[in-house]
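Hi everyone, thanks for coming. Let me put the structure up, and then I'll walk you through a few parts of it.

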Amino acid sequence: MLPDTLRLRHLVCLFLFAFGFDAAASDLYTEINRLRAGGANCAAGGRLPALMPQAALERAARALAQGDELQHSLKAVGYRAARSSALWLKGDDVRAQAAGMLAKQSYCPQLQDAGMTEIGIYLDTRQVYIVMTAPFAPSVGVSEQTAGRRVLRLVNRARATPRTCGNTAFDAARPLRWNDALAGISLLHAEDMARHNYFSHAGRDGSTPAQRVERAGYSYRATGENIAAGQMKPEDAMAAWIGSPPHCANLMNPVYTEMGVAFAIDPKSDMGVYWAQAFGAPR
């Protein structure tokens, strides 16, 4: 065991060593955001927000330095990214040289990627790893009411033209009207899928689309359901349904006279955004 005085000196050296690395990383965060804003050789094409340091990304960067792969390291630290990229610098006294190395023109496009918003840095005496990400943040970008109007308009535009869904040909059909009850039924199922992270026409209680419609008190001659997941725009959800023969058949079914649609968001779920669309022909 070391004498008390030597042990204290050892601890102080370790503290200063760690503090020096933290200070170097802090300086590098500042320099990267200066380059992102158009400093040195990185001419800015527009105003970009500063990259925000994240502890999880620092841990991911450390894992890269230990030989891990980017996507695996992000998953291991519990960070979900919509997009990600990494930079690796190496060389003698790279801590002191890193800012100058990044100022070279070749690194500017990555540093000025407008889609990236968060950053983590790991550095030691011979290497620097920089991880930049756009965090997974699902958003439809419009209100529920606006999304509903858009989907209804797109459905009626699709129904106005004859089309083939899989192997089944459909004539043009009359436009559908909006129904608030069907929209409410759709919202409940979309929220359940998002909250409990599943994707199915069957509810967690084993209910079918028809049973959920009956449960809500909607009296029908015919009913059907479309679901989609992962689409951030009403237009993308609609495109997914047109591309799926059974969902396309629901859209074109001439028996239906009304519909409702809704979406729900949960960033902890696999797909982020879940859509449900209920069709009906009332009695």
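**Helices, a sheet and a cavity**

Let's start with a helix pair: the axes of helix 6, residues 144-159, and helix 9, residues 234-242, come within 9 Å and cross at roughly 35 degrees. Please keep in mind that this is a predicted model. The crossing of helix 6 past helix 9 is right-handed. On the helix 6 side, the contact is made by A147, R150, V151, L154, V155 and A158, and helix 9 brings P234, E235, M238, W241 and I242. By class, that contact has nine nonpolar residues, two charged and no polar ones.

Four strands make an open, mixed sheet, in the order 7-9-10-8. Strand 7 (177-178) and strand 8 are at the edges with a single partner strand each, so one side of each has no neighbour in the sheet. Strand 8 pairs with strand 10 in the antiparallel sense, over nine bridges; I227, for instance, has A276 of strand 10 as its bridge partner. Helix 7 packs on this sheet and touches strands 7, 8, 9 and 10, with its direction at about 30 degrees to that of strand 9. Helix 10, residues 245-252, packs on the sheet too, touching strand 8 and strand 10, and its direction makes about 135 degrees with that of strand 8.

And where does the lining of the largest cavity come from? Helix 7, helix 8, strand 8 and strand 10 each supply at least two residues. Among the lining residues are H189, E225 and our bridge partner A276. The volume of this cavity is about 50 Å³, and its lining divides into five nonpolar residues, five polar and one charged.

Note on methods: Residues are numbered from 1 along each chain as its sequence is written. This is a predicted model: local features need pLDDT of at least 70, side-chain atom pairs count only at pLDDT 80 or more; totals for chains, interfaces and linings use all residues. Side-chain values use heavy atoms; hydrogens and water are left out. On a 1 Å grid over the protein atoms alone, a cavity is a set of points where a 1.4 Å probe fits but cannot get out, and a pocket is an open set with protein on both sides within 12 Å along at least five of seven lines; lining residues have an atom within 4 Å of a point. Grid points are joined across faces, edges and corners, and a volume is the space filled by probe spheres set on the points. Ala, Val, Leu, Ile, Met, Phe, Trp, Tyr, Cys and Pro count as nonpolar, Asp, Glu, Lys and Arg as charged, and the others, Gly among them, as polar. Axes are lines fitted to C-alpha atoms, for helices over the stretch in contact, and angles run from 0 to 180 degrees between N-to-C directions. A crossing is left-handed if the near helix is turned anticlockwise from the far one by less than a right angle, and right-handed if clockwise. Contact means heavy atoms within 4.5 Å. Two strands pair if DSSP finds at least two bridges between them.
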